Amino acid sequence: MAAVVTGPDAKPAANRRCRFELKKYKAAFKCEVCRVKSYDTGRYRCDHCGKDRHIDCIRLADEIELGPGPNNIFSTSPVFTLFDNPRRGRNSENKKWAKNCLVCGMPIRHYSYHAQTTENKDLNMHPCCAELATFNTNSRVPLELQTGERHSCVWCGKKRPEEASKYGPTDFYCWSYRLTEGKNRIHVHCYTEMVIEALEQLDDDDNIHIVLKRRRSSDRNDLESILREFINIGLNVAGIGFTDIFLDLV
Ligand SMILES: [Zn+2]
Ligand SMILES: [Zn+2]
Ligand SMILES: [Zn+2]
Ligand SMILES: [Zn+2]
């Protein structure tokens with residue numbers, strides 16, 4: 001594919017010359033800018049250093065304005081600024097979870113969009129998660145985003161993914177996608193895990209075979225059809241065509 005980014009344009013700048021080209025793969029990758037493992041089949045790759053970037057992480061804006069967000073949490077349209085690490089002020093009112101991504105809940109290992117609220121809360125987001133929150137390029141938002149933790153996640157079976165902070169407030173932090181009219185949900189993080197798992201199980205005949213351990217309380221048939229549907233949506237968003245999905249709940 002044609003698009004080539006070199007030198008200083010390949011922002012954030014690497015310390016040596018990189019040549020990133022837009023390519024397509026059927027495998028998961030880790031973006032060198034947000035350090036998040038992802039499933040997008042289209043991505044920028046530099047064959048020289050073997051690094052990959054999300055399509056949007058090839059040129060990041062210095063500032064982005066977000067709003068209104070699920071539950072109107074960004075009703076004041078806060079401006080987020082790009083830093084090469086998550087930021088936490090000395091006066092931070094949310095020290096315990098400030099350096100976790102507001103959207104997916106996971107720790108941030110590299111670049112972060114940051115804003116401090118008027119109540120001195122430090123909000124940080126992975127660049128790829130901030131993109132979900134902008135709502136302007138809906139292609140990467142497969143379903144409606146929501147906050148709240150009334151139901152457990154259909155993928156991990158928990159209220160919060162294991163690596164998320166337990167301190168972030170329920171109606172604000174660690175978002176999920178709304179499923180089946182709000183009766184179910186899947187964490188933003190777990191959705192990514194799910195599609196990566198599907199990609200990793202993709203065989204030469206384009207079949208996917210997933211074995212999942214399920215908690216006893218969940219209705220087997222319901223869960224199977226929900227997951228099958230969302231794996232399909234996920235694969236479409238990722239750019240993989242029709243596939244046969246075999247799901248074993250054990
Ligand atoms: Zn390179
Ligand atoms: Zn990225
Ligand atoms: Zn995130
Ligand atoms: Zn989950």
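## Zinc site, sheet and aromatic contacts

The zinc ion (ligand 4) is held by Cys 153 (SG), Cys 156 (SG), His 187 (ND1) and Cys 190 (SG) at 2.1 to 2.4 Å, where donors are N, O and S atoms within 2.8 Å of the metal (3.2 Å for Na, K and Ca) and sites may look incomplete because water is not among the atoms. This is a predicted model, in which local features need pLDDT of at least 70 and side-chain atom pairs count only at pLDDT 80 or more, while totals for chains, interfaces and linings use all residues. Residues are numbered from 1 along each chain as its sequence is written, chains are lettered from A and ligands numbered from 1 in the order in which they are written, and side-chain values use heavy atoms, with hydrogens and water left out.

**Zinc site**

- The site of the zinc ion (ligand 4) is tetrahedral, with angles of 102 to 117 degrees among its 4 donor atoms (four donors count as tetrahedral if all angles lie between 85 and 135 degrees).
- Along the sequence, the donor residues of this zinc ion follow the spacing C-x2-C-x30-H-x2-C.
- Cys 153 lies in the loop between β11 (145-146) and β12 (176-179) and Cys 190 in helix α2 (residues 188-200), so the pair ties together parts 37 residues apart in sequence; helices (H or I, at least four residues) and strands (E, at least two) are DSSP runs numbered from the N terminus.
- Cys 153 is buried at 0% relative accessibility, and Cys 190 is buried at 2%, buried meaning under 20% relative accessible area with a 1.4 Å probe and protein chains only.

**Sheet**

- An open sheet of 4 strands runs in the order β7-β8-β9-β10 with antiparallel pairing, two strands being paired if DSSP finds at least two bridges between them.
- Because β7 (63-65) and β10 (122-125) stand at the edges with a single partner strand each, one side of each is left without a neighbour in the sheet.
- Strands β8 (residues 79-83) and β9 (residues 112-116) run antiparallel and are joined by 3 bridges, and Phe 83 has Ser 112 in β9 as its bridge partner.

**Aromatic rings and charges**

- Tyr 39, Tyr 177 and Tyr 191 form one aromatic cluster, rings of Phe, Tyr and Trp (its six-membered ring) being paired if their centres lie within 6.5 Å.
- Arg 53 lies over the face of Phe 20, at 4.5 Å from the ring centre, and the charged end of Lys 121 sits over the ring of Phe 172, 5.7 Å from its centre; the rule asks for NZ of Lys or CZ of Arg within 6 Å of the ring centre and within 35 degrees of the ring normal.

Conventions. Four donors count as tetrahedral if all angles lie between 85 and 135 degrees; four count as square planar and six as octahedral if opposite donors are over 155 degrees apart and all others between 65 and 115; anything else is irregular. Buried means under 20% relative accessible area, exposed over 50%, partly exposed in between (1.4 Å probe, protein chains only). Rings of Phe, Tyr and Trp (its six-membered ring) pair if their centres lie within 6.5 Å; planes under 30 degrees apart count as stacked, over 60 as edge-to-face and the rest as tilted.
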